[in-house]
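Have a look at the sequence and the model first, and then read on.

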Amino acid sequence: MALEEIKSKFEGNWQFIKAENGDEYLEAMGMNLIKRKAVAQLKPILIIAVKDGKVEFVRKLPMKEVRNQLTLDQENDVNEDDRKFKANFTYSDGKLTVDLKAVDGKSKDSVIVREIEGENLIQTATCNGITAKTTFKRS
């Protein structure tokens, strides 16, 4: 039931519109200045798909794709570049929440929440009390 609702609300290609407080969030995550400046120039495409009982998140960037498949209400292994996390993935009140716990000794815990507001997908990411907000529009 939840996967059907996720599919109808979230599935599709989402174009980056704007980011707020991204540099501060990436700094809280432990990213160095040079990498933060490079990331700030990116305008990723977010692709969300429901398949085989999982939700797949793909971030398309000019030089690569970052792909993770998550199972609802289970602990999932997540790899983001060279960072590794255990992720608890839930869906409640129309929000997709990924609670990331760092397991590699170099990353920091964070929580990512995605929800639909009007025609936009709003993604908030929080680390150490610092929150970034990214807005996407369905393409």
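This is a predicted model: local features need pLDDT of at least 70, side-chain atom pairs count only at pLDDT 80 or more; totals for chains, interfaces and linings use all residues.

**Starting from Thr 135**

Who are its neighbours? Once residues within four places in sequence are set aside, Thr 135 is in contact with Gln 15, Phe 16, Ile 17 and Lys 18, and also with Asn 120, Leu 121 and Ile 122. Strand S1 covers residues 12–20, while strand S9 covers 120–127 and strand S10 covers 130–138.

Asn 21 gives another view of this part of the chain. Its place is the loop between strand S1 and helix H2, and it is partly exposed, with a relative accessible area of 35%. Leaving out neighbours within four places in sequence, Asn 21 touches Ile 130, Thr 131 and Ala 132. The C-alpha atoms of Asn 21 and Ala 125 are 9.9 Å apart, although 104 residues separate the two along the chain.

**The whole protein**

Stepping back, the protein has three helices and ten strands. Reading from the N terminus, the order is α-β-α-α-β-β-β-β-β-β-β-β-β.

How far does the C-alpha trace of the protein span along its principal axes? The answer is about 40 × 30 × 30 Å. For 139 residues, a compact globule would have a radius of gyration near 14 Å, and the protein agrees with that at 14 Å.

Of those 139 residues, 40% count as buried. The protein exposes about 7900 Å², and 48% of that is supplied by carbon and sulfur atoms. As for how the chain meets itself, take the contacts between residues at least 6 apart in sequence: 39% of them join residues at least 24 apart.

**Charges and salt bridges**

Now for the charged side chains. There are 24 positive and 23 negative ones, and the centres of the two sets are 5 Å apart. The salt bridges come to twelve.

| Pair | N to O distance |
|---|---|
| Arg 36 and Asp 23 | 2.8 Å |
| Glu 56 and Arg 67 | 3.2 Å |
| Lys 86 and Asp 77 | 2.4 Å |

Take the salt bridge between Arg 36 and Asp 23. This pair links distant parts of the chain, as Arg 36 is in helix H3 (residues 33–40) and Asp 23 is in helix H2 (residues 22–28), 13 residues apart. Arg 36 is buried, with a relative accessible area of 9%, whereas Asp 23 is partly exposed at 29%.

Next comes the salt bridge between Glu 56 and Arg 67. It also links distant parts of the chain: Glu 56 sits in strand S3 (residues 54–61) and Arg 67 in strand S4 (residues 64–70), eleven residues apart. Is Glu 56 buried or exposed? Glu 56 counts as buried, with 6% relative accessibility. Arg 67 counts as partly exposed, with 46%. Both residues also belong to a network of salt bridges that links Lys 51, Glu 56, Lys 60, Glu 65 and Arg 67.

In the salt bridge between Lys 86 and Asp 77, Lys 86 is partly exposed at 30% relative accessibility. Asp 77 counts as exposed because its value is 54%, and the cut-off for exposed is over 50%.

**Two loop residues with positive phi**

Finally, a pair of backbone details. Asp 52 has a phi near 55 degrees, which is a positive value in a residue other than glycine. Where is Asp 52 placed? Asp 52 is in the loop between strand S2 (45–51) and S3, and at 76% relative accessibility it counts as exposed.

Asn 128 is not a glycine either, and it has a positive phi of about 50 degrees. The loop that holds Asn 128 runs between strands S9 and S10. With 59% relative accessibility, Asn 128 counts as exposed.

Definitions and conventions:
Residues are numbered from 1 along each chain as its sequence is written. Side-chain values use heavy atoms; hydrogens and water are left out. Helices (H or I, at least four residues) and strands (E, at least two) are DSSP runs, numbered from the N terminus. The radius of gyration is taken over C-alpha atoms; the globule rule is 2.2 Å times the number of residues to the power 0.38. Buried means under 20% relative accessible area, exposed over 50%, partly exposed in between (1.4 Å probe, protein chains only). Contact means heavy atoms within 4.5 Å. Accessible areas come from the Shrake-Rupley method with a 1.4 Å probe; for residues, only the protein chains shown count as cover. Lys and Arg count as positive and Asp and Glu as negative; His and the chain ends are not counted. The place of a charge is taken as NZ of Lys, CZ of Arg, CG of Asp or CD of Glu. A salt bridge is a side-chain nitrogen of Lys or Arg within 4 Å of a carboxyl oxygen of Asp or Glu.
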